[in-house]
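I set out to record what can be looked up in this structure. The entries below keep the order in which I worked.

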Amino acid sequence: MADAVAGLADVRIDYPGRALLGPLTLGVGPREIVALVGASGAGKSTALRLLAGLEQPASGAVTRPAGRTGFVFQSPTLMPWADARTNVALPLELSGVPAAEARRRADDALAAVGLGDRTTARPRQLSGGMAMRVSLARALSIQPDLLLLDEPFAALDSITRRGLIEDLHRLWAARSMAVVFVTHDVEEAAYLAGRVVVLSAADGHVVADLPMPGPLPRPADWRRDPAYREAVETVAEALDRSMERPA
Ligand SMILES: Nc1ncnc2c1ncn2[C@@H]1O[C@H](COP(=O)(O)OP(=O)(O)OP(=O)(O)O)[C@@H](O)[C@H]1O
């Protein structure tokens, strides 16, 4: 894990009333996009919280990025009373960025996610996809080295999801950041990521660590490419194996 931006080494988590999770070892290299998949309860969100420093392991070592970490949750978690610009700018201001600079960075981040003309819209005036774009802009506005996304598109329709994945690839390509993305969706994982890590349902250890073929961002028609279809099958098989309970 020498050149990893962030990582977990032999990490175990001891939640009350639950068998110990782990050991989990996961390194995230510079500019890597890693998808974490696994059954519900496998420990995917826990792995993100450990990488974000929001939780401490019972044992093992956590390497945090040298710079900032952005976090995008399943729900956009916007302040309903504030417009899109304020939703992005306020956390920056609270972290010490002067107000005018925070507004400028918020407008830049909103423009980068295609919402340059919606800066004064309130969350209730935005579609689900737009609200998620505001949430993405908020995470990107801090210029993270590591962007963590916990099933961010799960509540959206498939066309909106596909659009957001293309956006995420475009935003990633323009920046120097690593991405860790939690999803239940095998096709989404294989399309989005350069590497898919499958966690076991039983204790959250790594069942498979699979490099995904093809360039990132994906070329047009990649979803029909036999190499992609094969990668989806490989992830699906690993996910099936991840459900097996130890004898
Ligand atoms: N704060 C906590 N206290 C006790 N148990 C917890 C806590 N957080 C998570 N757990 C348990 O740890 C396990 C892993 O949870 P986690 O949320 O990381 O899984 P997940 O793979 O993200 O699941 P999902 O796909 O359903 O979001 C689950 O069994 C969960 O109930």
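**Entry 1, ground rules.** I noted that this is a predicted model, in which local features need pLDDT of at least 70, side-chain atom pairs count only at pLDDT 80 or more, and totals for chains, interfaces and linings use all residues. Residues are numbered from 1 along each chain as its sequence is written.

I looked up pLDDT, the predictor's confidence in each residue, from 0 to 100. The protein chain averages 93, and 98% of the residues score at least 70. The model scores ipTM 0.94 and pTM 0.94.

I found seven helices and nine strands in the protein chain, taken as DSSP runs (helices H or I, at least four residues; strands E, at least two) and numbered from the N terminus. The C-alpha atoms fill a box of roughly 60 × 45 × 35 Å along the principal axes. Of the 247 residues, 41% are buried (20 or more other C-beta atoms within 10 Å of the residue's own, with C-beta atoms placed from the backbone). Among contacts (C-beta atoms, placed from the backbone, within 7 Å) between residues at least 6 apart in sequence, 70% join residues at least 24 apart.

Notes: Buried ≥ 20, exposed ≤ 12 C-beta atoms within 10 Å, placed from the backbone. Contact = placed C-beta atoms within 7 Å.
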